[in-house]
Structure formats: C-alpha cells, structure tokens
Amino acid sequence: MCGLVGIVAQHDVAPDIYDALTVLQHRGQDAAGIMTCEGGRFSLRKSEGLVRDVFRQQHMQRLQGSIGIGHVRYPTAGSSGPALAQPFYVNSPYGIALAHNGNLTNADQLTRELFQDDLRHLNTDSDSEVLLNIFAHELQTLGKLSPGADDIFSAVQAVHERCRGGYAAVSLIVNYGIVGFRDPLGIRPLVVGERDNAGGGKDYMIASESVALDVLGFRLLGDVAPGEAVFIDMQGRLHRRQCASNPKLQPCIFEHVYFARPDSLMDEISVYKTRMRQGATLAAKIRRERPDLQIDVVIPIPDTSRIAAQSMAHELGVKFREGFMKNRYIGRTFIMPGQSQRKKSVRQKLNPVPLEFSGKHVMLVDDSIVRGTTCRQIIQMARDAGAERVYFASAAPPVRYPNVYGIDMPSASELIAHDRTEQEVCELIGADWLVYQDLEDLIECSREGNPKAEAFECSVFSGEYPTGDVDQAYLDNLEAQRNDAAQSANRAAQQEEGSVVGIHNNA
C-alpha cells in the first residue's frame, strides 16, 4: 500500500506535496519521494525513511516548479531498498515520471513484452517501473510531438488493455501536465480536488485519500472513477475521460478496515462511519451468540480499532476504556518487513494500564488478525496486567488468503487463520473467546455508505480474486516470494547492492 500526490498550481508545489505526504504517511513508511518540474527539467529527491527524515531544507529549496508528484511507499512484496523508492522516471518520450499504488498481477508477462517487443530497459524488478514504461511506450507509439488530452487518454486506454491487477497512479509529463488514473475495478483509491488560487484560476490536486486535499484547502471534486483518467494541463485545465471498456466499482474493503484514515471519504463512503457500523454489527453478533457473556470493559488495540470498539461498547452498554498506552514513535507493526522486528515492536509500542485490567472480564478489539503474533502478545499483556478473562473481537473476518493487489499480506502459510477453524485460532492466540466479523456484515457496513458500490474486493477473506487471472501457480510463486525467510534474504541482498541503480538523485 502506498500514498500518491500530484499537484498543478501557480507556485512552487513541493511544500504542498510535502504536507500532503505527511498526512498520507500511514500508507507507507518505507520510503518517500517528490519530483517537480520547472523549465522542462525534473528535480528529484527520494530515499528510504519517513517524510520528515527524507526531506531537509536544502532538498526543498531545490525542488522547484509549479507541477509535481509525490509518493510514500511500503513494500508490496516485502522488498525494500533505495532503488525502489518512487517516483520513477524515463526520458523518452518527453520525460515522464510516475508514482504508483497497487500491484500488477501480470507484471512478469509485461516485463518480457517490454524487453522483447517494446525494447525498453528496466532498472529494477518493481512493477511500478513496469507500469511507467508501459505508459511511456503507449505514448511513444502515438508519434505525437505535442500530445494533447486525447492522446494521453488513448495511452491510458492502452495501459488498461495491457495491465491487470489493482493500481492507481499519478504521472508527470514534462511541459504538458499531470495525469492520474485508476484500474478498471477501482481496487486502489484515487481522488481529485481543486482550490482557488491568487490568479483567479484553479489549482488541482490528485491524491490517494481525501484527507490530503483537506489539509491543503482543496475541495473534493470526487473520486477518480474506476478506469477513468484525469489530466491537468500546464494551463490549469482539468480534463476527464473514461478509458476502460468495462469499468466496475469494486474497491478494496481492507482500506475501510485498516489502511485508510478514518477522516477520509473513499468512493463516497465515510471510513469513520464504516468503522462505527463494524463495531455495531460485532456487538449484535455477540448478543446473538453469547447473550450471557459478562464483559466489564471494552478496550481497543490502538489505533485503527478505536472507532469500532467505541461503537461496540455503546451498543452493548459496556464501559469503553483506553487500556493500552501507545508509543507514537514506533511504526505500524503490520507493515514492518520482518517477523522478528514485528515481535520486538509490540512491547515497545504498547503498554497496559493495570487499573483497567485488574480483576476484569475484558473484551479486546482489533481491526483484524493477520499473523496472530501481535494479538497473542497483547492478550498475554492483558493477563499479566491482571485481567481475569480476556475475550478478543476482530472487526474483520478471518484473513485466510494472500492479497495480490498491493497489500503485503504474508504468505498463506503464515496467516494464522489459513486452514484453521475459528476455535483453533482462539486457542493459538490464547483468548478465552474469539469473535470475528461475518463477511456479509462487513460488506454491508461499507455498502451502506454508497449503494452504488456493486461489490468489494474481499479476496483476503474469500479467496476470490476479481481480476480473474490469479491461479494456484501464481499463488504458489507468491508464497515463495513472501515468506519471511525469502524476504530476509531479499533485504540482505539489497543492502549489499546499496543505492539507486542508474539514478543519481537530489542527495
């Protein structure tokens, strides 16, 4: 999962892109990058680390130009390193940079085509660089010295015809403008907004989440529709066109469970209200299945489960308490690359308040259970703090299958619920009782926000992959790439390789 920003304005945009990326930092903590353009020249700064650490005053002073894009990254296949920081760019045609959120399921096939047929060179094994080169090649085949909006939309249409998977992208075309586009199922999110500028015109912004627009005073114009492309030219004019032959809104439901900020609107759905509904439906399930269950207090696992836990406590008529204090300077454990690092970080990240646990029957609430190692430690922490009984509620159904559309879920064998019953998971994590959200209820929690959403991408729960090109061979290959041993070996190799291949960026 990654965060994207693209801005066209009447002033230097780098400070605005920086601010937007800090708001989207929750979408990626591995690397960050900003690329701007002035006078036909790119200026680039990207590196591993958080936004605040990657960009210093000297970097921002060099990032000049009224048009630019930005990216925060977390590794979608466990791979990391400076060579994979974005944006990527190519010089032909025109000079094109691109930042990408998601995953191409046919990246291997496209890589072969780029080398054998399109005669384009790749510096990395990143599918984001593949997407950039596919887009650049399709623009080049048009043979236009000065491409217009129609030409750019034709190139995006060709991208949709060749690429499979879940993807959203922002691309900067030197001297022409910024284009943003979204996969034909709208799996990965993208929004567009505007604000008035001092010259009487409009500044435009494309971003992964609406909160990035909010903090910079942009008005949300709406979501980029599945398969749609938006193009903002250098004169500040907005062009939009549907570029896919059979688009269908089927957004990733895990955005609503975990990734997105609660103050975001995605496909006209309030993430905050969705999480409130998740808590209410969990409370209803508890009343159905365990009407006599004694719960003294509901305690969230900070931070993404807090809203669902509050709603659950309200529906059950039970006290809601903050029983864990969070260290704000530890990253999100779900997106840390190594299992040993995840285990170590839990105790550093959370500390219990014994007063809220001692002698009580406690219901802990988390957004989901992935590997199970984190919740097992948290349950033990609750017992050590004096809890008499510890129940556990997941606002999401059992995560049993890997994600192939841009979320670095572990390999299937490392998912605690894979090939296990809910009772077996309960015993493994050490809870006195475990309750999961039903998938049908989770879908309704999101659909209630926008009845036009025909379906949701729920593959991590259902094992059904809507792009139709994911078979067992693909999943077996994914298993080999994503298990912790393979990721550790990959990180070691990348550390030996060092810095960005073939690119010297603004250091």
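**Helix 4 and helix 5**

I began with helix 4 (residues 107–116) and helix 5 (residues 127–141), whose axes come within 10 Å and cross at roughly 50 degrees. Axes here are lines fitted to C-alpha atoms, for helices over the stretch in contact, and angles run from 0 to 180 degrees between N-to-C directions. Helices (H or I, at least four residues) and strands (E, at least two) are DSSP runs, numbered from the N terminus.

I noted that helix 4 and helix 5 are therefore oblique to each other; angles under 35 degrees count as roughly parallel, over 145 as roughly antiparallel, 65 to 115 as roughly perpendicular and the rest as oblique. The crossing of helix 4 with helix 5 is left-handed (left-handed if the near helix is turned anticlockwise from the far one by less than a right angle, right-handed if clockwise). On the helix 4 side I listed Ala-107, Leu-110, Thr-111 and Leu-114, which meet Asp-127, Val-130, Asn-133 and Ile-134 in helix 5, where contact means heavy atoms within 4.5 Å. Sorted by class, this contact of helix 4 with helix 5 has five nonpolar, two polar and one charged residues (Ala, Val, Leu, Ile, Met, Phe, Trp, Tyr, Cys and Pro count as nonpolar, Asp, Glu, Lys and Arg as charged, and the others, Gly among them, as polar).

**What kind of model this is**

I wrote down that this is a predicted model, in which local features need pLDDT of at least 70, side-chain atom pairs count only at pLDDT 80 or more, and totals for chains, interfaces and linings use all residues. Residues are numbered from 1 along each chain as its sequence is written, and side-chain values use heavy atoms, with hydrogens and water left out.

**The whole chain**

I found 17 helices and 22 strands in the chain. The radius of gyration of the chain is 23 Å, close to the 23 Å that the globule rule gives for 507 residues, so the chain is as compact as a globular protein of that length. The radius is taken over C-alpha atoms, and the globule rule is 2.2 Å times the number of residues to the power 0.38. Along its principal axes, the C-alpha trace spans about 75 × 50 × 45 Å.

I traced an open sheet of seven strands with antiparallel pairing, in the order 3-2-4-1-10-9-11; two strands pair if DSSP finds at least two bridges between them. Strand 3 (41–48) and strand 11 (219–223) stand at the edges with a single partner strand each, so one side of each is left without a neighbour in the sheet. Neighbouring strands of this sheet are turned by 15 degrees against each other on average, direction ignored. Strand 2 (residues 31–38) pairs with strand 3 over eight bridges in the antiparallel sense, and Glu-48 in strand 3 is the bridge partner of Ala-31.

Which order do the strands of the five-stranded open sheet take? I read 17-16-20-21-22, with parallel pairing. Two bridges join strand 16 (residues 297–300) to strand 17, and Val-298 has Phe-320 in strand 17 as its bridge partner. Helix 12 (residues 373–384) lies across strand 20 (361–366) and strand 21 (389–394), and runs at about 150 degrees to strand 21.

**Helix 9 and its two partners**

I then looked at helix 9 (residues 271–289) and helix 10 (residues 306–316), whose axes come within 7 Å and cross at roughly 45 degrees. That makes helix 9 oblique to helix 10, and their crossing is right-handed. Among the residues making the contact are Tyr-272 and Gly-279 of helix 9 and Met-312 of helix 10.

The axes of helix 9 and helix 14 (residues 439–447) come within 9 Å and cross at roughly 145 degrees, again in a right-handed crossing.

**Backbone details**

A cis peptide bond joins Gln-86 and Pro-87, with omega about 10 degrees, and Pro-87 is in the loop between strand 4 (67–73) and strand 5 (88–90). The bond from Ser-92 to Pro-93 is also cis, with omega near -5 degrees. Glu-268 has a positive phi near 70 degrees, and lies in the loop between strand 14 (265–266) and strand 15 (269–270).
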